[in-house]
Amino acid sequence: MTELVRYTVDLAHASQERGGSNRLSAYVARPAGDGQWPGVVMVMEIFGVNDDMRAHADRIAGWGYEVVVPDLYSDGGARRCLVATMRSLLTGKGKALVDIETSRQWLFAQPETTEAVGIIGFCMGGGFALLTCDRDRYAVASVNYGTVPENVGNSCPVVGSYGAQDLQNRGAAQKLEAKLDAASVEHDIQEYPSAGHAFLNDSMPGPVALAPLWHVAGFGGTREDREHAWRRIEDYFAAHLDASA
């Protein structure tokens, strides 16, 4: 297992300068030791930078990347920030997008990172990944059960994973694939028949008592689907991100 360095970085000043959040922290994970690693911006799910998101960041860092996960709820917590963050996702404007770009710029400023940067997002973060992954800024993108924006024409190569049992994203995989095909964007989009929303997480989000509710709502999936999706993401990043390093 790859030894990792993990810490939290304060990006408030850089975000303020760009017109973003007044407070912005981010979780960072990278391989230990000296090196030159491509960077990955990871955009959190709607539940925030929780244990699942940190575990995902650690997994990706173990592949040989420096991963930064901006906490889009830094400037007041989920209750105060959720509505504004979702509005940014719907409109393509707002502080959340600035905070994501601030995180990308932070990676470029690190002496141990290369100029190759990818982006990955889950749930709400998957929508943000698709919204921001133009080829002028990113070498590769991974969207996982995220909403599909109207325009994906300037996207970098995209690997996407969706669950057919995901009630809130029915038809999203087919819609995204059709849009990427029409725009001649390289992609690998797969819908898993037995999987639901958030199926890449090892556990159901929130309190254990709510687990039955999440199953009814179309959350979760099998370990086989989860690991297959993760292997596809790892291989796709290796082919597009490492080659750009």
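**Close-up 1. Thr132, a buried residue of helix α5.** Thr132 has a relative accessible area of 5% and is therefore buried (buried means under 20% relative accessible area, exposed over 50%, partly exposed in between; 1.4 Å probe, protein chains only). The model is predicted: local features need pLDDT of at least 70, side-chain atom pairs count only at pLDDT 80 or more, and totals for chains, interfaces and linings use all residues. Residues are numbered from 1 along each chain as its sequence is written, and side-chain values use heavy atoms, with hydrogens and water left out. Helix α5 covers residues 124-132 (helices are DSSP runs of H or I, at least four residues, and strands are runs of E, at least two, numbered from the N terminus). Neighbours within four places in sequence aside, Thr132 contacts Leu97, Ile119, Arg137 and Tyr138 (contact means heavy atoms within 4.5 Å).

**Close-up 2. Helix α3 and its kink.** Helix α3 takes in residues 77-91. Its 15 residues should span 21 Å at 1.5 Å a residue, and the end C-alpha atoms are 21 Å apart, so the two agree (the expected span is 1.5 Å times one less than the number of residues). A kink of about 30° is centred on Val83 (the bend at a residue is the angle between axes fitted to the seven residues ending there and the seven starting there). Cys81, Thr85, Ser88 and Leu89 are the buried residues of α3. Their cover includes α4 (95-109) and α5. Just after α3, Gly92 has a positive phi of about 75°.

**Close-up 3. The largest pocket.** Its volume is about 280 Å³. On a 1 Å grid over the protein atoms alone, a pocket is an open set of points where a 1.4 Å probe fits, with protein on both sides within 12 Å along at least five of seven lines; lining residues have an atom within 4 Å of a point. Grid points are joined across faces, edges and corners, and a volume is the space filled by probe spheres set on the points. The lining of the largest pocket counts 20 residues, with Met86, Leu89, Gly127, Gly146 and Thr147 nearest the centre. Both α3 and α5 supply at least two lining residues. Helix α3 gives the most, four residues. By class, the lining has 11 nonpolar, eight polar and one charged residues (Ala, Val, Leu, Ile, Met, Phe, Trp, Tyr, Cys and Pro count as nonpolar, Asp, Glu, Lys and Arg as charged, and the others, Gly among them, as polar).

**Close-up 4. The second largest pocket.** This pocket holds about 170 Å³ of space. It is lined by 15 residues, and Cys81, Ala84, Thr85, Lys95 and Ala96 are the closest to its centre. Two or more lining residues come from each of α3 and α4. The largest share, seven residues, belongs to α3. The lining divides into four nonpolar, five polar and six charged residues.

**Close-up 5. Helix α2 and its cover.** The 12 residues of α2 (residues 51-62) should span 16 Å at 1.5 Å a residue; the end C-alpha atoms are 16 Å apart, in agreement. Its buried residues are Asp52, Met53, His56, Ala57, Asp58, Ile60 and Ala61. Among the elements covering them are β1 (4-10), β3 (37-43) and α8 (223-240).

**Close-up 6. Thr222, in the loop between α7 and α8.** Helix α7 spans residues 211-216. Thr222 counts as partly exposed because its relative accessibility is 31%. Its C-alpha atom is separated by 31 Å from that of Tyr7, 215 residues apart along the chain.
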